[in-house]
Amino acid sequence: MEKEQFYYDNKIVRNFLYASIAFGVIGMLVGLIVAFFYLFPNMTDGIPWLSYGRLRPLHTNAVIFAFVGNSVFAGAYYSMQRLLKTRMYSNFLSQLNFWGWQLIILGAAITLPLGYTSSKEYAELEWPFDIAIALIWVAFGVNMIGTIIKRRERHIYVAIWFYLATFIAVALLHIFNNIEIPVSAFKSYSVYAGVQDALVQWWYGHNAVAFFLTTPILGLMYYFVPKAANRPVYSYRLSIIHFWSLIFIYIWAGPHHLLYSALPDWAQNLGVIFSIMLIAPSWGGMINGLLTLRGAWDKVRTDPVLKFYVVAITGYGMSTFEGPMLSLKNVNAIAHFTDWIVAHVHVGTLAWNGFMAFGMIYWLIPRMTKTKLFSTGLANFHFWIGTLGIILYTLPMYVAGFTQASMWKQFNPDGSLVYGNFLETVTEIMPMYAMRAIGGTLYFVGILVLVYNIARTVMAGSPVEDELAEAPALAKISNRQLKGESWHSWLERRPVQFTLLTTLAVAVGGIVQIVPMLVVKSNIPTITSVKPYTPLELEGRDLYIREGCNNCHSQMIRPFRSEVKRYGEYSKSGEYVYDHPFLWGSKRTGPDLMRVGGKYNDNWHFNHMWDPQSTSTNSIMPGYKWMYDNKAMDHEHIEKKMEVMVTLGVPYTKEDIANARKNMDAQSAQIEKNLSNDPDFVKSYEASKKAAAARGEEFVPMKDREIVALISYLQRLGTDIKVKKTE
């Protein structure tokens, strides 16, 4: 059959690779800064856009969607063209995918430090970006499916199965988790509340890890590991079992992030069951990857690319064994809210995601520039310093997690807590935080070495943007299953049926878990004493979200003796019915705040937010001094916020909305009056008045400042139900 000539588009691959490297440096640098905040909490004192609560989501978004995301696009665009023997379907869609994705990342880099956030973990970007992400993701999917349709290779290879599943699952997850009603250009409220919002968010959050940080990387593994080792994939049958079982089971596992919470037991138990089942397909993939290297282990000693791949796949195996173990209730009771989870996450991201990306970059760039890698020695150095960085990062975090769990749960013979002051635990694990920062620094040095090595390689080579290739056109054959053809071989040449079956496998778990939670009212028993937030408290809650307080503080007391003793009565699902979004948190760098309302007076909160160390010795919380100067400008939107809440089912009356500002003034004036009971406050307040007058500036009354709104919210927390008193 006559062969057709065509050109592979290397330019789009190159662009995504360079973007991945650049954003990898930026994202890891921000992560390193965040790590040093634990050691020097007031490192950026008084600069709101460089505060911990705003930079932490910037770090996670940068490394997940900018570093890993761009590397996934690069690897997918490179491998798809060669596996399908054709150029990408549309140059325009390729460019739209690239530039659209980079603009979204740039938008995130601007808005997250400014405090524009939905607070949802891994989905913090506000509604305009959610729409943009959906559109760009669809452009990627259309380009991929169009390329599959015009392919010159009959059967779709396993790597492309994982790319298809990634496109379908991420589209479903992103759209349904980010259904929200806008209040303004950069403010919205989730349509889900409390327990429902928590379930949908962790259906998304867990499966963002599954279908953005796992399945596309597995696709890259199935292409680049055999290429680098010059060996075929170990087992085709195992890859079939691995793919279908993984995409079906993974989607059910989200509730294991909410064990012992206010989520109904049936949903928690479903999450546990499917999480345990995940071990089998996950390890099937790991085994298939490692055994692909059979006969090539001698190359691992000298080839840095294979070294990166071996550690990456091993890290995948470790984290996918640990994940199901952490979903066991007795283990989760120990690990949840501790730094153990931080260690677990970073084994996956630093080893599996990071090292797969590094190995792919070192393999691709020389081939796309028609030259050799500038320095194999530097690549080997990167491997070893990166591996040491992973060890020095994760091991101290495991120790910190075990220490936290042990200290939080210890009782004296008289029934009191041995470590009743939360900060005793924080002080104990400070050396671990220091070691974590050292490990992160070593890992960061590694990517700087990569930048230098790749730059010198590119400078020495001759980039080929359009690579000539040839292949015969795809001959038409019967759509029916041929004699002797297995059902899966038939499915591999029927992309429409393959896509529909993949969609079904991915969607079932979410439907079974989420729909009953939304429609069956008995899942969330109501509590008549729970009332909507006052306008000022609603304003304070939005400030709590803006400053990222939920990054360090949970609002979920589990039904454990130790937690009830420390924080008060365990949380009830009916307490969260007006929480759009939920703010349960996933880590306790500081204590739980579910019952903090009324525990301290207004002056304590006022002093604590200005200088945490003045009220809590050895605290690693930064101050929020800008909230004492800023006028609460969102008072202008309070009516709109309440109207949106009414749309979402919050029972504000027309009178409530009409009198919103009047009620805010009254409540804020009462807080200002309470603060005036402290002579030191009165003295400094009067001095600031005189200073403003001397400068000819408008003086903002204390009752109109952001800190007062935040105090009102903190004082409301946990006060809707009668709380069991604890000594």
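## A proline in a loop

In this predicted model, P591 lies in the loop between α21 and α22. Its relative accessibility is 29%. Buried residues have under 20% and exposed residues over 50%, so P591 counts as partly exposed. Along the chain, P591 and W297 are 294 residues apart, and their C-alpha atoms are separated by 49 Å.

The loop between α21 (561-567) and α22 (602-610) also holds R588. How far apart are the closest N and O atoms of R588 and E563? They are 2.9 Å apart, and the two residues form a salt bridge. Because E563 lies in helix α21 while R588 lies in the loop, the pair ties together parts that are 25 residues apart in sequence. R588 has 2% relative accessibility, so R588 counts as buried. E563, at 4%, counts as buried as well.

## Other salt bridges

Side chains of opposite charge can pair when their charged atoms come close. In the structure the count comes to 29 salt bridges. One of them joins the side chains of E465 and R14, with 2.9 Å from N to O. This pair links distant parts of the chain, 451 residues apart. E465 is in the loop between α17 (430-460) and β4 (466-472), and R14 is in helix α1. Is E465 buried, partly exposed or exposed? With a relative accessible area of 34%, E465 is partly exposed.

The side chains of R695 and E697 also meet in a salt bridge, at 3.1 Å from N to O. R695 has a relative accessible area of 52% and is therefore exposed. E697 has 43%, so E697 is partly exposed. Elsewhere, R54, R546, E547 and E706 belong to one network, joined by salt bridges that share partners.

## Aromatic pairs

A pair of aromatic rings is described by the distance of the centres and the angle of the planes. How many aromatic pairs does a search of the whole structure find? The search finds 65. Among them is the pair of F16 and F73, with 5.1 Å from centre to centre and 35 degrees between the planes. This pair is tilted. F16 belongs to helix α1 and F73 to helix α2, and the pair links these distant parts of the chain, 57 residues apart. F16 has 0% relative accessibility and so counts as buried. F73 is buried too, because its relative accessible area is 2%.

A second pair is formed by F355 and F383, whose ring centres are 5.9 Å apart. Their planes stand at 50 degrees, so this pair is also tilted. F355 lies in helix α14 (residues 339-368) and F383 in helix α15 (residues 376-408). The pair therefore ties together parts that are 28 residues apart in sequence. Both F355 and F383 are buried.

## Charges over rings

Two contacts bring a charged end over a ring. The charged end of R82 sits over the ring of Y8, 4.3 Å from the centre of that ring. In the other contact, the charged end of K625 sits over the ring of W610, with 5.2 Å to the ring centre.

## A hairpin of two strands

Strand β2 (residues 180-184) and strand β3 run antiparallel and are joined by four bridges. The two strands form a hairpin, with two residues between them. Within this pairing, I181 stands opposite Y189 in β3.

Strand β3 spans residues 187-190, and both of its faces are covered. Which residues lie on each side of β3? K187 and Y189 are on one side, S188 and S190 are on the other, and all of these are buried.

## A nonpolar patch on the surface

Which residues form a nonpolar patch on the surface? The patch is formed by I47, W49, L103, L106, I110, L114, Y116 and F186. Together they have about 760 Å² of accessible area.

One member, W49, lies in the loop between α1 (10-37) and α2 (52-84). W49 has 47% relative accessibility, so W49 counts as partly exposed.

Note on methods
Residues numbered from 1 in each chain as written. Predicted model: local features only at pLDDT ≥ 70, side-chain atom pairs only at ≥ 80, totals over all residues. Heavy atoms only, no water. Patch = residues over 30% accessible without salt bridge, like charges linked within 9 Å, V, L, I, M, F, W, Y side chains within 5 Å. Areas by Shrake-Rupley, 256 points an atom, 1.4 Å probe, with all protein chains shown as cover. Salt bridge = Lys/Arg side-chain N within 4 Å of Asp/Glu carboxyl O. Buried < 20%, exposed > 50% of the residue type's maximum accessible area, 1.4 Å probe, protein only. Pairing = 2+ DSSP bridges. Phe/Tyr/Trp six-rings, centres within 6.5 Å; stacked < 30°, edge-to-face > 60°. Lys NZ or Arg CZ within 6 Å of the ring centre and 35° of its normal.
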